[in-house]
Amino acid sequence: MKKGVIAVIVAVVVIILLCVGQYNSLVSAQTEVEEQAANIDTQLQRRADLIPNLVKTVKSFAEHETAVFSEVTKARENLMAAGTMAEKAEANEEMNTALGKLIAIAESYPELKSDAVYTQLMDELAGTENRIAYAREEYNAATASYNKSIRVFPGSVFAGMFGFEKAQLFEAEKGAQSVPEVDL
C-alpha cells in the first residue's frame, strides 16, 4: 500500500515538474521575442535620432526642397508612433522611401557630399541600417522559434492553457522583393 502511494506521489511530482519546465520554457521563448523586439526599437530610435541632423545638414545646402524635408519629417513621426510590428514595418518602409529621396537630393550637390558632417551622418546612418537589418533577423529567428514552441506538442497544450499567443514577424512591405525601377 505504501509503495502505491509513494508511486502516485512520485508520478504527480514528475508531472508537476514537467509542467513547470514546459511553462518556463515558453516564458523564456516569449521573453526572447520581447527582447529582440526591443532591440529593433532601439535601432529604429537611433535612426530616428539621426534624421533631424541629416535633414538640417542637407537643408543648409538645398533649402528649396521643402516637400522632401516635410516627407522625411512625417515619415520619422510615423516611425516613432508605430506600435505593432506590422506598423513598425510599414513605417520603416515609408522612412526608407523618404530617405531615398533625401539622399537623391544630396547627390545633386557635390559640395554637400564632400561636407564632413554630412559624410559622418551618412556613415552613421549606413551603420544603423545594418544594425536594423541584423536586429530584424534576430527578432524573426526568436519569433519563429517561439511560434514553433507554442504550436508543437506539448507546448501547444500549455500555450492554450496559459494564454501564450503567436508573435508577429517583422515583414517587409508587399513589393519589397521586386527590384526598383531606375529612370535616368
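Among contacts in the protein chain between residues at least 6 apart in sequence, what percentage join residues at least 24 apart? In this predicted model, the share is 76%, where a contact means heavy atoms within 4.5 Å. Local features were considered at pLDDT of at least 70 and side-chain atom pairs at pLDDT 80 or more, whereas totals for chains, interfaces and linings use all residues. Residues are numbered from 1 along each chain as its sequence is written, and side-chain values use heavy atoms, with hydrogens and water left out.

The secondary structure of the protein chain consists of 6 helices and 0 strands, helices being DSSP runs of H or I with at least four residues and strands runs of E with at least two, numbered from the N terminus. The order of elements from the N terminus is accordingly α-α-α-α-α-α. The radius of gyration, 24 Å, is well over the 16 Å given by the globule rule for 184 residues, so the protein chain is more spread out than a compact globule; the radius is taken over C-alpha atoms, and the rule is 2.2 Å times the number of residues to the power 0.38. Along the principal axes, the C-alpha atoms fill a box of roughly 90 × 30 × 25 Å.

Of the 184 residues, 31% count as buried (under 20% relative accessible area, with exposed over 50% and partly exposed in between, for a 1.4 Å probe and protein chains only). The accessible surface comes to about 11,600 Å², of which 58% belongs to carbon and sulfur atoms, as computed by the Shrake-Rupley method with a 1.4 Å probe. The mean positions of the 17 positive and 26 negative charges lie 11 Å apart, with Lys and Arg counted as positive, Asp and Glu as negative, and His and the chain ends not counted; each charge is placed at NZ of Lys, CZ of Arg, CG of Asp or CD of Glu.

A search of the whole structure finds 3 aromatic pairs (rings of Phe, Tyr and the six-membered ring of Trp with centres within 6.5 Å; planes under 30 degrees apart are stacked, over 60 edge-to-face and the rest tilted). One of them joins Y23 and F162 edge-to-face, at 4.8 Å centre to centre and 65° between the planes. Because Y23 lies in helix α1 (residues 2-61) and F162 in helix α6 (residues 155-162), this pair ties together parts 139 residues apart in sequence. Y23 is partly exposed at 33% relative accessibility, and F162 is partly exposed at 45%. The rings of Y23 and F164 are likewise edge-to-face, with centres 5.8 Å apart and planes at 65°; F164 lies in the segment after α6, so the pair with Y23 in helix α1 ties together parts 141 residues apart in sequence. F164 counts as buried, at 10% relative accessibility. Y23, F158, F162 and F164 form one aromatic cluster.
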